[in-house]
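Here is a short report on one protein model. Keep the sequence and the 3D view open as you read.

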Amino acid sequence: MIRNIIKKAKTEDNLDKNELLQLFKIEYAEDLIELMQAAYDVRNSHNNAIKLTSTVHLTNICQVTPKCKYCGFAARTSLDGYYHPFFKEDREILDAVKCVEKSGIPRVSCSGAHGYFGFQAVNAAKIVKENTSLELLVNVGADLTVKALKELYKYDTDTVCCNLETVNQSLFSEVKPGEKLEDRIKTCEKISSQGIELSSGLLIGLGESYQDRVNHLLFLKKFPCLGEIPIMGFNPYKNTPMENHPPCSLLEQVKTIAITRLMFPHVRITVPTPTIGPKNVKYSLIAGADNVATVIPEDYPSVVKGVGSPTYGNLKDVVGVVQELGLNLES
Ligand code: SF4
């Protein structure tokens, strides 16, 4: 039965809810290998060049109250995170993006905490686009006005990210008590209606069901400008209310990546190195991902703590993994 579903997905026929659920419920290793092989083939038939994305964290001073229960990024949330408050100056942003450009990484993500109505994102876009030829994603969640989006468009921002994390309403409210799911959905709609490429992803392992993941992936299909889906596995950050919640297994992450690839053959699927773990990047690529994020060059000028976990992927190591798999790097 699993084989028939995978065969159907490979011909780019839309799978129904039940078929998608069956894929999430895969139990046997041979079925999982077949799923990953199918996703790998689908990715390669459309694009066998892997994109790398570096990062600049703009500020960790977040006005969301109470803080998201898993957050180790905002100031004073985790001793393993940044902990001390910062707001990067223009010169620091410029030095970081110049370093990224020099390293050969083609794309940068500028992300930051909430409470600035998108000003932090617009300022970063201006610096990146006026001083480098980098492709740019900005991510300040739902902290975006239409005015800010128009400014981002004006600066040729390539992609704006607003992760829904989960579409399970009660789980969202439980783990993100300071935010509303509907605000994030409205932000995704606003990004799409401005004609800017939308990135919107899943944070998995929070306690959602397989049905929640299926509902979430199907929900994303309604955004016409959807161009990217980050798949992020939960990792507990020390000192946070979720520090004892189990981490999302590698198996769940690769399965979700592979199913997402079969559902969205043409969409960029992003795996941040902190959430999958730098040593596991190769499995995400085998499962059909085509963008590795939070890739940091050796001479990066500031300290980086990954969003989702304090670790991150070093450029040399990630390039080594891509080459080992015989895949091409997007230049
Ligand atoms: S996850 Fe983002 S929105 Fe939530 S508290 Fe942390 S920085 Fe703020």
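Which exposed residues does the face of H13 turned away from its buried side carry? They are Lys316, Gln323 and Glu324.

## Ground rules

This is a predicted model: local features need pLDDT of at least 70, side-chain atom pairs count only at pLDDT 80 or more, and totals for chains, interfaces and linings use all residues. Residues are numbered from 1 along each chain as its sequence is written.

Helices (H or I, at least four residues) and strands (E, at least two) are DSSP runs, numbered from the N terminus. A residue is buried if 20 or more other C-beta atoms lie within 10 Å of its own, exposed if 12 or fewer, and partly exposed in between, with C-beta atoms placed from the backbone.

## Helix H13

H13 covers residues 315–324, and Leu315, Val318 and Val321 are buried in it. These three cover an arc of only 130° around the axis, which puts them on the same side of H13. The arc is that of the directions from the helix axis to the C-beta atoms. An α-helix has 3.6 residues a turn, so residues three or four places apart point the same way. After H13 comes Gly326, with a positive phi near 75°.

## Helix H4

H4 runs over residues 90–103. Its 14 residues reach 20 Å from first C-alpha to last, close to the 20 Å expected at 1.5 Å a residue. The expected span is 1.5 Å times one less than the number of residues.

Ile93, Ala96, Val97, Cys99 and Val100 are buried in H4. Seen down the axis, the buried residues fall within an arc of 155°, so they line one face of the helix. Asp90, Arg91 and Lys102 are exposed on the other side. The cover over the buried residues includes strand E1 (49–57), strand E2 (107–111) and helix H5 (119–131). Gly104 follows H4, and its phi is positive, near 95°.

## The nonpolar core

The largest nonpolar core has 92 residues. Such a core is a set of buried Ala, Val, Leu, Ile, Met, Phe, Trp, Tyr and Cys residues joined through C-beta atoms within 7 Å. Val97, Cys110, Ala121, Ala124, Val128, Val138 and Leu152 touch the most other members.

What does Val128 contact, leaving aside its neighbours within four places in sequence? Val97, Val108, Cys110, Leu134 and Leu136 are its contacts. Two residues are in contact if their C-beta atoms, placed from the backbone, lie within 7 Å.

Glu179 is found in the loop between helix H7 (169–175) and H8. Is Glu179 buried or exposed? Glu179 is buried, with 21 other C-beta atoms within 10 Å.

## Backbone exceptions

The peptide bond from Thr65 to Pro66 is cis, with omega near -10°. Pro66 lies in the loop between E1 and H4.

Two residues have positive phi although they are not glycines: Phe117, at about 55°, and Asn239, at about 75°. Phe117 sits in the loop between E2 and H5. Asn239 sits in the loop between strand E7 (226–233) and helix H10 (250–263). Phe117 counts as partly exposed because it has 14 C-beta neighbours inside 10 Å. Asn239 is partly exposed, with 14 other C-beta atoms within 10 Å.

In H10, 11 of the 14 residues are buried, so it is largely enclosed by the rest of the structure. The buried set includes Lys255 and Arg261. At 1.5 Å a residue H10 should span 20 Å, and its end C-alpha atoms are 20 Å apart, which agrees.

Asp183 is found in helix H8 (residues 181–193). Asp183 counts as exposed, with 12 C-beta neighbours inside 10 Å.
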